[in-house]
Amino acid sequence: MRSIWNGAISFGLVSIPIKLVNATESHSVSFRQIHTEDGGRIRYRKVCELEDREVTQSEIGKAYEDADGSMIPITDEDLSQLPIPTARTIEIVAFVPEDRIDPLQMGSAYYLAASGAPAAKPYTLLREALKRSNRVAIAKFALRGRERLGMLRVVGDAIAMHGLLWPDEVRTPEGVAPEGGVTVRDQELDLADALMDTLGEIDLDDLHDEYREAVEEVVAAKASGEKPPEAREEAAPGKVLDLMAALESSVRAARESRDAEGAGPAEEAEVRSLPRRKTSSRAPKETGGKKSTSTAAKKTAAKRAEPKKSTAKAAGSAKKTAAGSPAKGTAKKATARSTARSGDKGAAKSTAKKTASRRRSA
């Protein structure tokens with residue numbers, strides 16, 4: 001990696017020669033400006049206003065514009081001789097716990113590489129001291145024409161430095177939070193926790209820039225004369241009128257998504273304070289109970305209906321017996337008993353009248 005700055009770390013009376021290299025890189029797709037009519041490249045040329053001609057990079061310097069518009073030339077030699085110790089030195093001023101640093105202050109990241117063999121021993125000493133103390137070093141350094149604040153920490157076997165904003169460069173969040181009192185119920189917090197548990201953790205190495213990949217596909221398709229891939233139409237999200245319903249749907253969708261990806265079922269986050277969710281989850285059991293109850297009722301009704309059928313059959317048998325059987329007394333007694341069991345008074349009366357008339361005729 002090419003160094004962008006050479007200097008030293010000032011660690012008390014210890015000086016550690018180092019090289020500053022970028023710890024990050026951009027993979028974004030770059031575009032050029034063109035003339036849409038003929039595809040010609042649009043370029044920005046550096047032109048001197050006094051001579052009205054294009055100048056080369058070697059002819060360009062820097063200057064400070066005064067209040068009256070006059071230019072005060074400033075050379076690299078002027079900046080290298082600034083009367084501050086951080087011109088070519090990363091000066092450590094304190095060691096603090098890492099959680100004391102507000103992430104809002106963190107900016108560009110750099111690696112500090114030991115410059116030469118003599119720097120190996122003090123470099124390793126500072127690295128191990130940072131490891132054992134579980135603290136980070138706060139330092140001041142000058143880069144690209146201004147003094148900056150930095151945080152040194154250990155990354156693997158190297159020392160990294162994060163550029164920090166000065167405290168007065170971080171705005172306060174005034175007017176950002178919602179105005180007025182907003183009350184969040186415990187049930188909503190429980191569902192939010194359930195959603196967080198369902199989404200779970202992720203390995204950051206698995207994340208990638210899908211937008212850049214899509215742009216590269218479009219470029220490749222147009223370069224080969226093919227039609228660029230069409231965007232998938234997604235339904236516009238509707239207005240969220242019920243926060244609880246939206247949270248429940250989010251939890252359900254997250255679980256289905258994890259199962260579809262083959263990650264296995266996520267751990268169910270039980271939300272005990274939501275009776276609606278409990279009722280819905282137990283609904284199948286209650287339905288089953290109702291089915292068994294109705295079945296029992298049907299069986300009971302069938303049993304009650306059976307004596308009626310048997311009574312009717314018995315009455316029919318008694319009539320046939322009375323008409324053609326020689327044992328009339330026995331048939332009459334059986335008919336009377338079955339009629340009494342069924343409780344059919346009309347049938348009993350009719351049978352009694354027939355019996356009396358037969359006795360008279362006999």
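Residues are numbered from 1 along each chain as its sequence is written, and side-chain values use heavy atoms, with hydrogens and water left out. Because the model is predicted, local features need pLDDT of at least 70 and side-chain atom pairs count only at pLDDT 80 or more, while totals for chains, interfaces and linings use all residues.

The largest nonpolar core contains 20 residues. A nonpolar core is a set of buried Ala, Val, Leu, Ile, Met, Phe, Trp, Tyr and Cys residues joined through side-chain atoms within 4.5 Å. Buried means under 20% relative accessible area, exposed over 50%, and partly exposed in between (1.4 Å probe, protein chains only). The residues with the most contacts inside the core are Ile9, Ile18, Ile90, Leu112, Leu126, Leu152 and Met161. Two or more residues each are given by strand 1 (5–11), strand 2 (14–22), strand 7 (89–97), strand 8 (106–114), helix 2 (120–133), strand 9 (135–143) and strand 11 (158–164). Strand 9 supplies the largest share, 4 residues. Helices (H or I, at least four residues) and strands (E, at least two) are DSSP runs, numbered from the N terminus. In soluble globular proteins, nonpolar side chains tend to be buried together.

Helix 3 (residues 186–199) has 14 residues and spans 20 Å from its first C-alpha to its last, close to the 20 Å expected at 1.5 Å a residue; the expected span is 1.5 Å times one less than the number of residues. Its buried residues are Glu188, Leu191, Ala194, Leu195 and Thr198. Viewed down the helix axis, these buried residues fall within an arc of 120 degrees, so they line one face of helix 3. The arc is that of the directions from the helix axis to the C-beta atoms. Asp186, Met196 and Asp197 are exposed on the other side. Just after helix 3, Gly200 adopts a positive phi of about 65 degrees.

The structure holds 11 salt bridges, each defined as a side-chain nitrogen of Lys or Arg within 4 Å of a carboxyl oxygen of Asp or Glu. Glu188 of helix 3 pairs with Arg185 at 3.5 Å, N to O. Glu188 is buried, with a relative accessible area of 11%, whereas Arg185 is partly exposed at 43%. In another salt bridge, the closest N and O atoms of Glu230 and Lys227 are 3.0 Å apart, and both residues are exposed. Salt bridges that share partners join Glu51, Arg53 and Glu59 into one network.

On the surface, Val29, Phe31 and Val219 form a nonpolar patch with about 280 Å² of accessible area together. Patches are made of residues with over 30% relative accessible area and no salt bridge, like charges being joined within 9 Å and nonpolar side chains (Val, Leu, Ile, Met, Phe, Trp, Tyr) within 5 Å. Val219 lies in helix 4 (residues 210–223) and is partly exposed, at 46% relative accessibility. Arg212 is also in helix 4, and its C-alpha atom is separated by 6.3 Å from that of Ser28, 184 residues apart along the chain.

Key. Areas by Shrake-Rupley, 256 points an atom, 1.4 Å probe, with all protein chains shown as cover.
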